[in-house]
Amino acid sequence: MRKLLGKTAVAALAISFAGEAMATEWNVSLWGKRRAFTEHVEKLAELVSEKTNGDFTLNISYGGLSKNRENLDGISIGAFEMAQFCAGYHRDKNPSITVMELPFLGVSSLDQEREISMEVYKHPAVQADLGRWNATLLMPSPLPQYNLVGVGDAPATLADFAGLSVRATGGIGAAMETVGAVPTSMSATEVRQAMDSGVVKAVSFAPHAHMSFGTIENGKWWTTNLNPGTVNCPVVANTDALADLSDEHREALLGSIDEALDHYIDTYNNKTMAAWGPALQERGITEVTFADSEIAAFKEAAAAPAAAAWIEENNARGLPAQELYDLVTGLVAKGM
């Protein structure tokens with residue numbers, strides 16, 4: 001009887017270990033706090049857990065695994081399995097996707113930003129570019145056009161930006177230079193301190209970030225229609241970790257991306273933007289709207305030179321830069 005019980009116990013233990021072996025946990029590196037910008041990752045974690053009955057979990061960390069500028073590096077060495085980053089934080093590391101950060105591309109909605117980004121992510125040159133970091137692109141974090149919140153006297157014309165220190169990354173920074181501003185690239189988590197200390201006088205963000213990172217707490221004005229562009233902030237997986245998933249878990253992950261993005265866009269459009277106007281009004285922040293003629297001149301001065309410079313620079317890197325630019329502008333023209 002004792003021998004039989006021993007065999008039963010061993011069998012039960014083996015089943016238990018087998019169950020543990022099937023369970024998968026991924027660490028996910030984000031930053032800041034949960035906000036509209038991270039809702040697709042939160043939704044993805046929820047869906048993956050539901051579809052696998054808890055056997056596959058995404059453990060989301062806000063700043064506990066890596067600094068936001070180092071997330072791509074962490075992915076490359078397998079320090080964690082999934083991460084979000086913004087292309088403009090390190091343009092030299094992911095030059096191919098910075099095509100989406102060029103100023104005045106004409107992208108008009110989050111849905112369009114999503115669709116065009118996903119097409120860009122499919123391009124072989126883009127996949128090879130991110131492959132250098134052992135990263136597989138999963139999904140974008142679609143953002144609306146950026147505008148500025150600033151302190152001090154509100155600008156009456158674009159000429160008033162001359163000499164103004166502005167937090168602006170990537171193509172937005174290049175655009176601001178054309179009107180005489182002095183762009184400074186810094187991560188979102190550094191912005192509030194820089195603004196409070198006077199290092200920058202204005203900050204370029206999407207609405208959710210202005211609210212999440214506190215620029216509207218001491219801001220005096222914001223631009224309603226500058227709309228120079230946006231940033232591209234993908235979510236990536238470590239390629240080896242993705243390949244090591246079981247077929248069931250991989251399908252649970254990849255098959256949940258569309259629903260996660262649907263949730264993200266719905267949240268941004270119907271919750272974040274609904275809160276944005278009242279947040280400005282409650283704080284008495286002055287709205288600055290520039291004349292159409294000034295915006296047209298700004299676009300003419302910034303768009304073509306920035307695109308030409310981007311194409312020249314990235315052709316020299318060996319990227320099919322003109323092809324990538326034509327892909328994006330062609331999709332915009334089609335109204336995709």
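**Reading a disulfide and a pocket**

Tutor: Counting cysteine sulfur pairs within 2.5 Å gives 1 disulfide here. Keep in mind that this is a predicted model.

Student: What is a disulfide, in general?

Tutor: It's a covalent bond between the sulfur atoms of two cysteines.

Student: Okay, and which residues does the disulfide join here?

Tutor: Look for Cys86 and Cys233, with 2.1 Å from S to S. Cys86 sits in the loop between strand 3 (82-84) and helix 4 (110-122), while Cys233 is in the loop between strand 9 (221-223) and strand 10 (235-238), so the pair ties together parts 147 residues apart in sequence.

Student: Is Cys86 buried or exposed? And Cys233, buried or exposed?

Tutor: The cut-off for buried is under 20% relative accessible area. Cys86 has 7% relative accessibility, so it counts as buried. Cys233 is at 1%, so Cys233 counts as buried too.

Student: Now for pockets. How does one find where empty space is left?

Tutor: You roll a probe the size of a water molecule over the atoms, and that shows where empty space is left. In this model, the largest pocket has a volume of about 200 Å³.

Student: Which elements supply at least two residues each to the lining of the largest pocket?

Tutor: Helix 4, strand 4 (135-139) and helix 12 (257-282) do. Strand 4 gives the most, with 4 residues. Among the lining residues are Met118, Tyr121, Thr136, Leu137 and Asp258.

Student: How many of the lining residues are nonpolar, polar and charged?

Tutor: The lining of the largest pocket divides into 7 nonpolar, 2 polar and 2 charged residues.

Definitions and conventions:
Residues numbered from 1 in each chain as written. Predicted model: local features only at pLDDT ≥ 70, side-chain atom pairs only at ≥ 80, totals over all residues. Heavy atoms only, no water. Buried < 20%, exposed > 50% of the residue type's maximum accessible area, 1.4 Å probe, protein only. 1 Å grid on protein atoms, 1.4 Å probe; cavity = no way out; pocket = protein on both sides within 12 Å on 5 of 7 lines; lining within 4 Å. Points joined across faces, edges and corners; volume = space filled by probe spheres on them. Nonpolar A, V, L, I, M, F, W, Y, C, P; charged D, E, K, R; others polar.
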